[in-house]
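User: I'm new to this one and would like to learn how to read it. Can you walk me through a few features?

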Amino acid sequence: MMKGNLLISSMIERAERFFPKKEVISRTSSGIHRFTYKDIGKRTRQLASRLKEFGIERGDRVGTLAWNHHRHLELYFAVPSIGSVLHTINIRLSPEHIIYIINHAEDELIFVDEDVFPLIEAVHDKLKTVKAYVVMTDNELPDTKVNHVYSYEEWIAAGDEAFQYPQDIEETDAAGMCFTSATTGNPKGVVYTHRSTVLHSMGLAFADTVAASESDIVMPVVPMFHVNAWGMPYVATWLGANQVMPGPRFTPEVLAQLIQDEKVTMTAGVPTIWLGLLKELETNDYVTDSLRAVVCGGSAAPLSMIKTFEKKYNVPFLHAYGMTETSPLATVSRLKSYQEDLSEEDRFDIRAKQGLLVPGLDMKVMSGQGEVKWDGEEMGELLLRGPWIADDYFKDERGEETFIDGWLHTGDVCTVDEEGVIKIVDRTKDLIKSGGEWISSVDLENALMAHEAVFEASVVSIPDPEWQERPVACVVTKEGHEDLSKDEILEFLKPQFAKWWLPDDVIFMEEIPKTSVGKFLKRSLRDKVKEHYELA
């Protein structure tokens, strides 16, 4: 058989060649912009040629601090296509973490959105390797004391739109880099190769996973700085699907309007995004019948939310699982053909789990006694390996604790049923051990959010002299339900759990702390709970 490199440049070249009329619809601070793949292809080649002229070489890191828009998409292809490494930086990290990861990655050039540029102005004197900054804006360059600042549009205008991508790149070369969101310690860098990115995109196109196709209109709501927007921009471009980029500081109203106006068929984001969208749909009227899939990952989706999307709005909901180290697609919850005959409740119960392993990957679930039984009861840590699973962290000794004997130790505790369906029970550090028995904070959270008056809920443990740890529920109520009581919450939970699983207390809050990518931040929540009891 012929040997051919799997390269990211081939993805944008395919879009140029076969789908020049398809569109990228990009929302920026100045409005909606429309580009064909022919346009995007030319602009990407101009960008690539300018990167080469600037002196960016094979293996050099190029950073981005940007929202989801067409310019960021052009960087997704231009940077790796010349053999360099695209480093997408989470704009919601603390300044200290942003300084750390730019210096750790040794970025040489930074592309930054105009509204994010103040972050750079505040820290630029601490960035050791950056030679210049390119501001992505529809307007004039902002006044600044930072040296070597260029306008993106002026910068690429001098580029060669017929630039040819180099063909001496190897598929095993580094192409991208993302850092974890660092709930503890400094962020950890994960490097993706051309091969891993292309194979991950194939995984997204499988009919039994996300089933991305040319006919889709894809709107990645998950940020392009977070695990490459889950790979959606890559697979959508490769297949020639229209893309809708929601741009800076979007709101649920903006998302709902884009879904209606652009007839979005598939969108992807974390549960907190979809909770906000549901609230908007319940408040105002929108047409959402174009949607064939809302893809949800990042953390467990409440069963009540899945049911609301499907039963009230007739929008199919796809529950998926992954992490930065897995590129991220690892599992997708779809029913097997013969499970379609199950009762509605049984079908929902399966689809609220994280689902089946994606073809191409391997897994095992390990407890202290070895591999767990596939009985849906025994718990163990999920271990993964495969061609788009990382095998180490970038220049970080902490990889020795995570990548062991060829397996990624995810830190996620799960069960596997007799059908092979994975259910994430908790993070290893978030499981609650009470009286020698494990309590899943995730199961309690999902049950709490099924209450009609609860908007968000998270569960953490508090020390207990008799039982070691006990669960405490933290609840945000929906508007108009501020009179919800602790007793009502506990009565709602009683039929669903053993008595010893029930939270010892319910703390009502205005907001639950979240990470930079919208997950519940348990570390900060534990601090708030501790403060609550110290002040009580």
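User: Which are the buried residues of α4?

Analyst: Keep in mind that this is a predicted model. A residue counts as buried when its relative accessible area is under 20%. In α4, the buried ones are H97, I98, I99, I101, I102, N103, H104 and A105. That's eight of the eleven residues in the helix, which spans 95-105, so α4 is mostly covered.

User: What covers the buried residues of α4?

Analyst: Look for the elements in contact with them. The cover includes strands β3 (61-65), β4 (85-88), β5 (107-113) and β8 (174-179), along with helix α5 (117-123). Just after α4, E106 has a positive phi of about 60°.

User: How do I read a pair of helices, say α7 and α8?

Analyst: Start with the axes, then check the side chains. The axes of α7 (residues 194-205) and α8 (residues 232-239) come within 9 Å and cross at roughly 75°. That angle makes α7 roughly perpendicular to α8. On the α7 side, T197, V198, S201, M202, L204 and A205 take part, meeting M232, Y234, V235, W238 and L239 of α8. The residues of this contact are nine nonpolar, two polar and no charged.

User: And a loop residue: is Q339 buried or exposed?

Analyst: Check the accessible area, then the neighbours. Q339 lies in the loop between β15 (329-333) and α12 (344-351), and its relative accessible area is 5%, so Q339 is buried. The Q339 side chain reaches the backbone nitrogen of K336 at 2.8 Å. Leaving aside residues up to four places away in sequence, Q339 touches R347, I350 and E419.

Methods. Residues are numbered from 1 along each chain as its sequence is written. This is a predicted model: local features need pLDDT of at least 70, side-chain atom pairs count only at pLDDT 80 or more; totals for chains, interfaces and linings use all residues. Side-chain values use heavy atoms; hydrogens and water are left out. Helices (H or I, at least four residues) and strands (E, at least two) are DSSP runs, numbered from the N terminus. Buried means under 20% relative accessible area, exposed over 50%, partly exposed in between (1.4 Å probe, protein chains only). A polar contact is a pair of N or O atoms within 3.5 Å; within protein, one must be able to donate a hydrogen and the other to accept it, and residues adjacent in sequence count only if both atoms are side-chain atoms. Contact means heavy atoms within 4.5 Å. Axes are lines fitted to C-alpha atoms, for helices over the stretch in contact, and angles run from 0 to 180 degrees between N-to-C directions. Angles under 35 degrees count as roughly parallel, over 145 as roughly antiparallel, 65 to 115 as roughly perpendicular and the rest as oblique. Ala, Val, Leu, Ile, Met, Phe, Trp, Tyr, Cys and Pro count as nonpolar, Asp, Glu, Lys and Arg as charged, and the others, Gly among them, as polar.
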